[in-house]
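Try each task before reading its solution.

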Amino acid sequence: MKKTWIIIEREYLTRVRKKTFVISTLLFPLLYVALIGGMGFIAEKSKETLTVAVIDSSGYFTKEAIEAENQVDPSSSLVLLSNAPEQSKQDEESGYDGYIEIPSLNWQQGNDSLVFKTYKSYGSASTGVVEAKLNRIWRRLLNDSLQLDMRKQMIMAQSKIGLVTKNISDEQANSATAEGIGYFAGFLVYFILLIYGSQVMMGVMEEKTNRIAEVIVSSVRPFQMMLGKILGIGAVALTQFLIWIVFVFVVYNVGIKSGTSMGFMAEAVGGVQRMIGSVNVPLILGCFAFYFLGGFFFYASLYGAIGSAVNEDMREAQSLSFPITMLVILSIAIMTAAVANPTGPVAVWGSIIPFSSPIVMMARIPYGVPGTVPLWQLGLSMALLIAGFLFTVWFAGKIYRTGILMYGKKVTWKEMIRWAFTKG
Amino acid sequence: MQPTTMDSILSLKHLRKHFESQKAVDDISLEIERGQIFGLLGPNGAGKTTLIRMITGIFYPDQGDIFFEGKKFDPLVDVAKIGYMPEERGLYKKMKVGEQALYLAQLKGLSRQAAKQKIENWFGRFGMESWWDKKVEDLSKGMGQKLQFVTTVLHDPSLIILDEPFSGLDPVNSNLIKDEIFRLAQEGSTIIFSTHRMEQVEEICNHIALVNKGQKILDGTVQAVKQQYKQHQYSVSGEGLNKLSMNQAPFTVVSQKDNTLIIQIAAQHNSSTVLRFLLEQNVEISAFHELLPSLNDIFIQLVGNTPTARTFEKI
C-alpha cells in the first residue's frame, strides 16, 4: 500500500507541476467569466420592447400617470385596461405581451409580489423596464400624497413594488433550469471521462514506450502500478475541480457583494442566483463528485488496459479504444433523451446501468430527488457503478499485467479478454 | 563480508512456466551461490527472460519452487533484496535524474533520506554529482545506462540481475561497470549476468548455465565447462616440425603456421604420447599447450542449429 502511495504521489506531482495543468486550470475560469459576461451582454442585446396591459383595482395607477411614464421611457409601454383581456384573447393576439393585475393596495406597504403574466419568457433586462416604470409611478404617487419628512422617507424606502415573472404558457419554468444544469453536468462528466481517461492511457503507453515498465514491476505488483496511476490522475482531476469550484464560489460572492454597481454582471449573478435557488446544490455537488469519480474509475481502468496492450503506435491505441469511446458517446445520446424525458424508461435504465450512469444520472438529478429520481434508483445506480468499476479495475489489472511486458505484437480485444480470464 | 561461502542464495527447483501454447521454461533447476557471478546464457527466445521474471517476482511459476536465501521466495518481501536491470529498460524521460533515482529507490522500500544519501554516494563514485537536476531525456545513451545501473544497485540488493548490462556503453564506461560488478561480488552480492556476448562471460563469470528451448543444457564453472567440451587440440611450437614423418603419428594436423602446429590428438592417445612421438622425431619443442574451446565455440556447438527466434513447442 505504501508503494502504491509513492506511485500516486509521483503521478500526481508530475502532472500538477506541468505547465499545461496550470494553463488549463486558469483558462477555464477565464472562459467562465467570459461566458457570464457574454450572457449579460446577450441579455442586454436581446432586450425587447413590451406592451403591457395594466388592470388596476387600486385606483393609484391612473391613465395620466402611465402615459407620463411612457413618454419618459418609450422602450416598453404600459396600457391601462379596466378588465383582463378576454379569456379567448389571452395570447399573443390580444395585442399585449403580458398583463399585470394590481389589487387594491395599501399605499403604506406597496406590493412585493405583483405577478407579471406573459405569453412568452422574457429576460430580466426586458421585464426590468416594466418593473422600473411601475416603481417610478408608485414613488411619484407617494411623493404626491406625502409631506416628506424623515419618517415618511423611510416608509417610502421600504415600500416598493417587486415583480415576479410567471410564464403561464409553461407552468414548469424550473424545468428549463434543471435541463440546463442537467446538460451541463452530463457534459462535464463526459469531458472528464474522455480527457482524463485518455491521460491514463497515454501515461501507461509512456511507461511501456520508455521501457521503464519492467524496471517498475520488479519492485511493485503490476496492479499497484496501474492503480497508482489511475488514483494519481483521478486526484489531478479532482484538484482541478476543487480549484474551479472555489473560483466560482469566490466570483459569485464578489458578484453579490458588488451588487448593482457592476451592471449586467450583477444581472448575470442574479440570474445564477435564481437558477440555483430552484435546485438542491449540495445534493448535485455530492452526486457529481460520486459519479465523476465512479465513472472515472470505470473508464480510466479500461483506457489503462488498452494503454498496456498497445505498442508505440497511436493509431493502434485509437482503434482499440474506439469501443470504449463509443460507450461514452452513446451515454451522451442517452443523456439527450433523458433530459427530454427524465422519467422515461431510457432515462431510468440509462442512469442505472454502470457504463452510462455517470453521465445520464447526472443529467436527471437536477430535476429533483426523490421527485424525478426515486431514492431506490439513485441507490441502485450507485451500487451498480461501484460494482462496475471494481469489475473493470480487476479486468484491466489482468490485461495490464500481461500487456505491459509484451512488445511488438498487435493485440485485439479478443486476445485482451482472453488474458483477463486465464490463470497466472 | 563473505566473498565465497558456499551457501546457496538462490535455488530453483523444477521451474515451469507455460504461456498459452508455449513452454517458455520447461523444468529448470539451478543453484546459485552467494558471491558468485553467474552467467545465464542462451539464444534469443530460450526462456532466459521468463526465468529471470520468475526470480524477480514478476511472473509466478506454474510449477516448481524458488528458494531465496534459504527460505521460500516471497516476491512481496524479497524484491527489496533484488536489483534487476532488464534488457528492455528505460527511465521516465521528463523526470529529473535525482528525482528518478529517489523514486525507484523508494519503490524498493528505502526511506527518502536513506535513498538520498545512497544516491549521493553512488553519484559521487561515478562522477555524476552535477546530474541531479538534469532531465533524463537530456542524458546521452551511455549516461542513461550508468544512471540505470546506479538505480539497480542503489538499495544494496543481495542479488543483482543484469540483462545485457554493457549494451550502449563505450569501453571506458564498460570497464567502470565491470569493476563495480567485481567489487559488488567481492562485497558479498551475488550477480546473475545474462548476455549473448561470450567474451564478456569468459571475462566476468565464474559459473555459467546455458538455457535453450526452455531447458537447461549446461551448468558448471567456466573451467569445468571448457574441460568438458575440449576438442583435445594442442598448439605445438618448435624447430623441426616441418620435417615430421606423420607415419603412425598419434594426432592429425589441423593447421600450420610458421613453426607452430595446431594438432588434434587422436582417440586413445594423450598429450604424453604426443610429446614422446615429437621427441622421438627430434623436434626441439619451444611451446606446447592445450587449446580449450572458447565459450563462444561451445555456445555455437550446442545451440547453433536452433533458429534464433525459436517457434515454441506446442504443448
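**Exercise 1: the domains of chain B**

The C-alpha centres of domain 1 of chain B and domain 2 of chain B lie 45 Å apart. Keep in mind that this is a predicted model.

Task: which residues belong to domain 1 and which to domain 2 of chain B?

Solution: start with domain 1 of chain B, which covers 8-227. Domain 2 of chain B then takes in 231-291.

**Exercise 2: a sheet in chain B**

Task: find the order of the four strands in the open sheet of chain B, and explain why β2 and β5 each have one side without a neighbour.

Solution: begin with the order, which reads β2-β1-β4-β5 in chain B, with antiparallel pairing. Next, look at the edges: β2 (22-33) and β5 (71-72) of chain B each have a single partner strand, so one side of each lacks a neighbour in the sheet. Now zoom in on β1 (residues 8-19) of chain B, which pairs with β2(B) over nine bridges in the antiparallel sense. There, Phe19(B) is opposite Gln22(B) of β2(B).

**Exercise 3: where chain A meets chain B**

Task: how many residues of each chain are in contact, and which elements of chain A give two or more residues?

Solution: first, the count is 16 residues of chain A with 18 residues of chain B. On the chain A side, α1 (2-16) and α7 (213-217) each contribute two or more residues. Finally, sort that side by residue type: seven are nonpolar, five polar and four charged.

**Exercise 4: chain A as a whole**

Task: what share of chain A is buried?

Solution: of the 424 residues in chain A, 36% are buried. Its secondary structure comprises 15 helices and five strands.

Technical notes:
Residues numbered from 1 in each chain as written. Chains lettered and ligands numbered in written order. Predicted model: local features only at pLDDT ≥ 70, side-chain atom pairs only at ≥ 80, totals over all residues. Contact = placed C-beta atoms within 7 Å. Nonpolar A, V, L, I, M, F, W, Y, C, P; charged D, E, K, R; others polar. Pairing = 2+ DSSP bridges. Domains from an automatic or database assignment. Buried ≥ 20, exposed ≤ 12 C-beta atoms within 10 Å, placed from the backbone.
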